Amino acid sequence: MFDVPYWLWMTFVAIVVVSLVVDLVAHRSAHVIGFKEAAAWSGLWVGLALVFGAVVFLVLGPAAGTEYTTAWLLEKSLSVDNLFVFALIFAYFKVPRAYQHRVLFFGVIGALVFRGIFLAAGVAVVSRFTAVLFVFAAVLFYSVYKILKGEEESFDPGRSFAVRLLRKVIPVRDTYAGPKFFVKEAGKHVATPLLAVVAAIEAADLIFAVDSVPAVLAVSDDAFIVYTSNAFAILGLRALYFMLSGLLDRFHYLSKGLAIILGFIGVKLILQAMHEIVSPSVPEIPSAVSLAVIVVVLAASVVLSLRRPPDAADGNAGGGPEEESLTPPRGRRQDSR
């Protein structure tokens, strides 16, 4: 692990807090976010992530900088799958587009908290029981199997565990009340469907963490590297969703590219575990090689997808930013029950 100075942790926390406050203030009034606005915000989040990566490189050294960049790009590529689920949830609950950013904002806050917990637990377990890397590799290989087999599991946002639990804790009305999460009816507080949507978003992120956490732990076992890279990838997820919402159905080969990446990371985990447990002579895959593989595979899957002529069945192919993609990617775990 790297010797991370206290001030660098504080700098990261300050950047995240200030970014969230600025984002909240900039979107305090509910409005539909168009492509240009989303692209500008997406560029800002990517820029922040890369600048912070440069700071990590200068302060902690080239190895730490490479691991951070690799982990960030890996999480960024895996999180694209979340966009399909966001579209599915928004369509299921018929969320007005003007309120979708508010939902994703609170979804991101929850994701930052839960990912922090999962990653801290993962780092602690890996540091004590290296053999658990074999289990993580098995999880990733199972995901690859599901993708290549082309199975699509049912996803019912309304029946997710989080939504059902919410309905047991507090009544949920059937109609929206603007951007409010709670309203008062007959002297009692009740939740609006907007709160149920946040619960469904959080439940979906917990499902995706099953793949994301083992994958990023294959890149680094340093708590600072894995959490900061995940945090910056998650922070940019909202803008990326609004920027690509009209193009989601065009990414035909994205799932296959993710399968290659997950398989590669699984092999990296096995070699890493064998290097620690079996013999130091077992070679490990350097972070620089991992970064190169992720960049090449991700770029190739996106380029090939966009070069493929739109299918007639793609209801949203060539659609405008007002339309939602309703088709989840094939193979990734979608069942939030």
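Colleague: How many cavities of 30 Å³ or more are there?
Modeller: The count comes to 3 in this predicted model. About 110 Å³ of space lies in the largest cavity.

Colleague: Which residues lie nearest the centre of the largest cavity?
Modeller: Those are F86, A111, D205, I234 and L237, out of 14 lining residues. Two or more residues of that lining come from each of α3 (62–92), α4 (97–128), α7 (193–219) and α9 (237–244).

Colleague: And which element gives the largest share?
Modeller: That would be α4, with 5 residues.

Colleague: How does the lining divide into nonpolar, polar and charged?
Modeller: For the largest cavity, 7 residues are nonpolar, 3 are polar and 4 are charged.

Colleague: OK, what about the second largest cavity, what's its volume?
Modeller: The second largest cavity comes out at about 70 Å³. Its lining includes W41, W45, H101 and R238, among others. Both α2 (35–60) and α9 supply at least two residues there, and α2 has the largest share with 4.

Colleague: What's the make-up of that one?
Modeller: The second largest cavity is lined by 6 nonpolar, 2 polar and 3 charged residues.

Colleague: Switching topic: in what sense do β1 and β2 pair, parallel or antiparallel?
Modeller: Antiparallel, over 4 bridges, with β1 at residues 182–185 and β2 at 188–191. One of the bridge pairs is V183 with V190.

Colleague: Which residue in the hairpin takes a positive phi?
Modeller: A186 does, near 55 degrees, in a hairpin with 2 residues between the strands.

Key: Residues are numbered from 1 along each chain as its sequence is written. This is a predicted model: local features need pLDDT of at least 70, side-chain atom pairs count only at pLDDT 80 or more; totals for chains, interfaces and linings use all residues. Side-chain values use heavy atoms; hydrogens and water are left out. Two strands pair if DSSP finds at least two bridges between them. On a 1 Å grid over the protein atoms alone, a cavity is a set of points where a 1.4 Å probe fits but cannot get out, and a pocket is an open set with protein on both sides within 12 Å along at least five of seven lines; lining residues have an atom within 4 Å of a point. Grid points are joined across faces, edges and corners, and a volume is the space filled by probe spheres set on the points. Ala, Val, Leu, Ile, Met, Phe, Trp, Tyr, Cys and Pro count as nonpolar, Asp, Glu, Lys and Arg as charged, and the others, Gly among them, as polar.
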